[in-house]
Each structure stands twice: as C-alpha cells, then as structure tokens.
Amino acid sequence: QGQLVESGGGLVQDGGSLRLSCAASGSILSRATLGWYRQAPGKQRELVATATSSGNANYADAVKGRFTISGDNAHNTVYLQMDSLKPEDTGIYYCNAQGRWPWGAPFELWGQGTQVTVSS
C-alpha cells in the first residue's frame, strides 16, 4: 500500500554536503508526517528532522542550522539537505512516514536506509 525508497547517501569529507531523497509511492506525502532518522554504529536510532503535511519542520539540536527537510508533492519525494557535515553525522539514514489512509487506518512506513559516511 505504501513504500519509501531512499537514495543519495555516500562518502563525504568533513564540512561537505549531501542531499538525501526519499521517494514515496502513492499520495503518502499529503497525508503524513515525514521524518528522517539515523542510526550510528552501536547506537540507537534517533530522530533527525520531521515535517508535517502542512509544512512545519522540526530538527534535532545536533543538526539545527545545518540540515533542511523539504518535500516535493508533485514528485512524491522528501529531501534532507545536509550541509557542514561532521564525522558524528555518520550513520544509516532512514526515511519515515506516519499518517492515516483515506479509510482511516493508521500507517507507519520505513525506507530501507542509506549510508552516510563523513570522513575527518
């Protein structure tokens, strides 16, 4: 019923930039709160940024001022622009969508994850 597919991860040097993409199937973006999470080796998954369907964005303190979440409803894609990357930003980044289907049932979807590695 719904699928999220991330892309855009890779290896970048300290201070560099990457843009992650999350392509959503169907009309998920218009009915969901979207989020990016990350998981570093040996650590729990943590929230990086969220964006509601009305456009309100929130960020973890560690990424404020450096990361920007945005959506393109026309292409059913949500992005995470990551600037001034630091080695501590290294991890697997996951896209998440939480909302309700038209018939009212709730849903939560996860992408497969994309690796981001920042070298010092």
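Start with strand 4, which is mostly covered: 6 of its 8 residues are buried. Keep in mind that you're looking at a predicted model. Strand 4 runs antiparallel to strand 9, with 8 bridges joining them, and it also pairs with strand 5, again in the antiparallel sense, over 5 bridges.

- Strand 4 and strand 5 make a hairpin with 6 residues between them. In that turn, G42 has a positive phi of about 75 degrees.

**A closer look at A51**

- A51 sits in strand 5, and it counts as buried because its relative accessibility is 13%, with the limit for buried set at under 20%.
- Setting aside neighbours within four places in sequence, A51 is in contact with A32, T33, L34, N56, A57 and I69.
- A51 and S30 are 21 residues apart in sequence, and their C-alpha atoms are 11 Å apart in space.

**The nonpolar core**

- How many residues does the largest nonpolar core have? It has 29, and those with the most contacts inside it are I28, W36, V48, F67, L80, M82 and Y93.
- Several strands give two or more residues to this core, among them strand 4 (32-39), strand 5 (46-51) and strand 9 (91-100). Also on that list are strand 3 (18-24), strand 7 (67-72), strand 8 (77-82), strand 10 (106-110) and strand 11 (114-119).
- Strand 3 provides the largest share of the core, with 4 residues.
- F67 is a handy one to click on: beyond its neighbours within four places in sequence, F67 is in contact with R38, V48, Y59, L80, Q81, M82, D83, L85, D89 and Y93.

**Aromatic rings**

- Searching the whole structure turns up 4 aromatic pairs.
- One of them is Y94 with W110, an edge-to-face pair at 6.4 Å centre to centre and 85 degrees between the planes. This pair links distant parts of the chain, since Y94 is in strand 9 and W110 is in strand 10, 16 residues apart.
- W101 and W103 form a stacked pair, 5.7 Å centre to centre with 15 degrees between the planes. Here W101 counts as buried at 12% relative accessibility, whereas W103 counts as exposed at 58%.
- Y37, Y94 and W110 come together as one aromatic cluster.

**Charges over rings**

- R45 lies over the face of Y94, at 3.8 Å from the ring centre.
- Another arginine to look for is R19, whose charged end sits over the ring of Y79, 4.2 Å from its centre.

**T114 and its surroundings**

- T114 is in strand 11, and it is buried because its relative accessible area is 10%.
- A polar atom of the T114 side chain lies 3.2 Å from the backbone nitrogen of G9.
- Which residues does T114 touch, not counting those up to four places away in sequence? They are E6, S7, G8, G9, L20, G91, I92 and Y93.

**Backbone spots worth a look**

- Some background: most residues other than glycine have a negative phi.
- N76 has a positive phi, near 50 degrees, and isn't a glycine. You'll find N76 in the loop between strand 7 and strand 8, where it counts as partly exposed at 23% relative accessibility.
- S84 also has a positive phi near 50 degrees without being a glycine. Look for S84 in the loop between strand 8 and strand 9; S84 is partly exposed, with a relative accessible area of 40%.

Key:
Residues are numbered from 1 along each chain as its sequence is written. This is a predicted model: local features need pLDDT of at least 70, side-chain atom pairs count only at pLDDT 80 or more; totals for chains, interfaces and linings use all residues. Side-chain values use heavy atoms; hydrogens and water are left out. A nonpolar core is a set of buried Ala, Val, Leu, Ile, Met, Phe, Trp, Tyr and Cys residues joined through side-chain atoms within 4.5 Å. Buried means under 20% relative accessible area, exposed over 50%, partly exposed in between (1.4 Å probe, protein chains only). Contact means heavy atoms within 4.5 Å. Rings of Phe, Tyr and Trp (its six-membered ring) pair if their centres lie within 6.5 Å; planes under 30 degrees apart count as stacked, over 60 as edge-to-face and the rest as tilted. A charge sits over a ring if NZ of Lys or CZ of Arg is within 6 Å of the ring centre and within 35 degrees of the ring normal. A polar contact is a pair of N or O atoms within 3.5 Å; within protein, one must be able to donate a hydrogen and the other to accept it, and residues adjacent in sequence count only if both atoms are side-chain atoms. Two strands pair if DSSP finds at least two bridges between them.
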